[in-house]
Amino acid sequence: MKSATFGEVFAVKEFRVLFGSFALMIGGDQIKMLALSVLVYTQTGSPGLSAAVYMAGWLPYVLGGLFLLSLADRIPARGLMAAGELVRAVTCLLFAYAGLPVWAMLALVVATGLFSPVFLAARNAMLPEVLPGDAFVLGRSVLTMVSAAAQIAGMAAGGAFLAFTGASSALAATAATAVAAAVVLRWGLPYRPARGTAGPGAVRQTLRVNRRLLSDGPVRGLLLACWLPCVCPVSYTHL
């Protein structure tokens with residue numbers, strides 16, 4: 001049986017849409033968090049608060065993954081992903097021009113971070129539908145590579161914006177990338193109904209599925225294999 005190729009993967013229009021919007025999302029998030037930390041430092045002169053704002057999205061992201069992921073199966077993926085990009089655009093514009101105090105910025109980062117894993121889960125769940133069989137493996141590896149590349153490009157672009165135009169302009173640019181990603185998703189993907197139906201509460205269902213995954217030895221090993229490469233670079237940067 002002939003294996004899938006990268007050319008065949010990119011020949012699928014839906015994958016190209018997911019790929020492009022994903023690159024915009026990752027790069028835009030890097031610009032947003034870098035600009036936001038600089039904005040807070042400019043207001044307060046506190047390196048601690050600046051670092052706290054930069055890292056504030058991680059804990060709610062974990063909590064969202066633990067308690068809310070089943071929402072990704074209850075809402076049509078195209079609309080959910082586009083909504084996530086619009087939320088990011090509005091959030092960036094509020095950071096840039098609303099004159100929010102630091103505590104409000106932190107609260108907004110935490111609130112939006114809770115639902116970020118839901119938006120990402122909708123994208124990940126669509127990938128095997130778009131790329132069946134071993135094409136999924138290639139597609140997933142491409143998204144992993146573009147994630148790393150987009151993070152680097154986003155940091156570079158964020159630094160350039162901050163050097164030449166300032167934090168507010170960098171956040172406005174991030175809002176523009178989010179709107180572009182929402183348009184790409186809305187008009188580039190066909191409508192697909194939600195994969196699941198409303199059963200028990202979203203939190204209860206998410207907890208139940210997470211318990212099932214973690215109680216399965218082979219699945220637990222695969223999850224660990226996915227987590228460790230992410231942990232090692234982060235640990236290295238803090239040495």
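Reply: A helix here is a DSSP run of H or I, at least four residues long, and helices are numbered from the N terminus. The model is predicted.

Start with the patch. Leu 59, Val 62, Leu 63, Leu 66, Phe 67 and Val 203 form a nonpolar patch on the surface. Together they have about 490 Å² of accessible area. Which element gives the most to this patch? Helix 4, residues 58-67, does, with 5 residues.

Take Val 62 as one of the members. Val 62 is found in helix 4. Its relative accessible area is 47%, so Val 62 counts as partly exposed. Patch residues need over 30%, and Val 62 has 47%.

Now the aromatic side chains. A search of the whole structure finds 3 aromatic pairs. One of them joins Phe 10 and Phe 15 edge-to-face, 5.3 Å centre to centre, with 75° between the planes. Phe 10 is partly exposed at 30% relative accessible area, whereas Phe 15 is buried at 0%. Phe 15 also pairs with Phe 19. That pair is tilted: 6.2 Å centre to centre and 40° between the planes. Phe 15 and Phe 19 are 4 residues apart in helix 2 (residues 13-44), so about one helical turn separates them. Phe 19 is partly exposed, with a relative accessible area of 24%. Phe 10, Phe 15 and Phe 19 form one aromatic cluster.

One more ring contact. The charged end of Arg 186 sits over the ring of Trp 187, 4.4 Å from the ring's centre.

Conventions: Residues are numbered from 1 along each chain as its sequence is written. This is a predicted model: local features need pLDDT of at least 70, side-chain atom pairs count only at pLDDT 80 or more; totals for chains, interfaces and linings use all residues. Side-chain values use heavy atoms; hydrogens and water are left out. Patches are made of residues with over 30% relative accessible area and no salt bridge: like charges are joined within 9 Å, nonpolar side chains (Val, Leu, Ile, Met, Phe, Trp, Tyr) within 5 Å. Accessible areas come from the Shrake-Rupley method with a 1.4 Å probe; for residues, only the protein chains shown count as cover. A salt bridge is a side-chain nitrogen of Lys or Arg within 4 Å of a carboxyl oxygen of Asp or Glu. Helices (H or I, at least four residues) and strands (E, at least two) are DSSP runs, numbered from the N terminus. Buried means under 20% relative accessible area, exposed over 50%, partly exposed in between (1.4 Å probe, protein chains only). Rings of Phe, Tyr and Trp (its six-membered ring) pair if their centres lie within 6.5 Å; planes under 30 degrees apart count as stacked, over 60 as edge-to-face and the rest as tilted. A charge sits over a ring if NZ of Lys or CZ of Arg is within 6 Å of the ring centre and within 35 degrees of the ring normal.
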